[in-house]
2 protein chains.
Amino acid sequence: MSSIRAQQKEKTRRLLIDAAFAQLSAERSFSNLSLREVTKAAGLSPNAFYRHFSDMNELGLILIDEAGLMLKKLRSQARLRIKKGGSVVKISVLTFMEFIEQYAHIFRLLLQERSGVFRAALSREIDSFTKALCGYLQQANKLNAEVAYLQANATIIIVFSAAAEALDVDQKRRHDLTKRTILQLQMIDKGSLEMNSSR
Amino acid sequence: MSSIRAQQKEKTRRLLIDAAFAQLSAERSFSNLSLREVTKAAGLSPNAFYRHFSDMNELGLILIDEAGLMLKKLRSQARLRIKKGGSVVKISVLTFMEFIEQYAHIFRLLLQERSGVFRAALSREIDSFTKALCGYLQQANKLNAEVAYLQANATIIIVFSAAAEALDVDQKRRHDLTKRTILQLQMIDKGSLEMNSSR
DNA sequence: AAACTCAGAGTACAGTTGTACACCTTGATT
DNA sequence: AATCAAGGTGTACAACTGTACTCTGAGTTT
């Protein structure tokens, strides 16, 4: 059962979370947001904040969770598209770039503030993406574990780096960036195959 | 001529710059430093700050300049070592890693705070490194311009990414990271050669 | 219907911030 | 030797911060 009260509470909780995300921009990362600004943007009194989070740190952790969830969705969506056939690299990069446009605030959170918990969170996400890709590469390309890991990690780093660059850039530039990234991943793929066969 | 006054002024100016750098840590990036904290760390009164910089923004720009200068030194030192022979990739990565240990604060400034001017500064540095490497690759490996650019850019991104990761990590982990990075660059190099020959 | 719970607002306060002003001290200039 | 210039300090203040306290209105439980 979900009482009217619980619904209301969830609603203003979302208001706060969304307000926090919305405040992120090219110039503004999470750590220079104040509790008061967030509540103001959400149209609430500063004290209302405490009914939902104990402090900004806790809100930060929740935003990180939310970001993690979205990235999971991103991955499953890419997997789905790949199953329908086509270049794995192209599909992955395109899916990633679409997500960046759609959920810019999530990437801002993870890519713009690289200290404390946010840095750790990004590191975890990169690890997670790396492991998934690593497994795939071992299976699909018959790579040995070490080479697969090297390729997977380099690939993910290039992609996240492109993501950071794509955040505040016009469409043309973003398109070029996408093309470049695809070529770079293909380059790494070639190198990986060769390195694998010479072992 | 350098009067006693000018010397003194330069001395406390350095005091402020060094204090600012010193405050940077894994948890603390430039944008959450306050003017008062910096002057306090330098052992000065808050107002003394204004005799040297108009505000924290200006100090930030000066730190960025300083960082740029150090990276120039890093590059020329790498070039010097490379002339003495040996694997270009290994020498470059090792030189980079040594610099990170020695001038951690510079990398913190550029790699930890990725919004506003700092983001732009990092982007400039990556561009600059990319161009230099790109030129070298065209000449040394007879690559065509586009392939050289792709390789150079991917290489620099991997290296800077490793730098960010190396910042707060124990020696063993850093050693592993160095090894991994070298292998990844070699992988990219193989891929680049192949991509180049198939055009 | 009465009693209770609790999300939110209003007021209040102490700590920190950037910065303006008046001052002092000391090196530089005349 | 007298005057000036300028780097540094102390005081002061308004703006903003997080957060404690009290109160209220409306949903919930009895």
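A phosphate oxygen of DNA strand D lies 3.0 Å from a side-chain N or O atom of A:S34, a polar contact being a pair of N or O atoms within 3.5 Å, where within protein one atom must be able to donate a hydrogen and the other to accept it, and residues adjacent in sequence count only if both atoms are side-chain atoms. In this predicted model, local features need pLDDT of at least 70 and side-chain atom pairs count only at pLDDT 80 or more, whereas totals for chains, interfaces and linings use all residues. Side-chain values use heavy atoms, with hydrogens and water left out, residues are numbered from 1 along each chain as its sequence is written, and chains are lettered from A and ligands numbered from 1 in the order in which they are written.

B:R51 is one of the nearest of the 20 residues around DNA strand D (a residue is near a strand if one of its heavy atoms lies within 4 Å of it).

DNA strand C is surrounded by 21 residues, the closest of which include A:T12 and B:R36. From chain B, a polar side-chain atom of B:Y50 lies 3.0 Å from a phosphate oxygen of DNA strand C.
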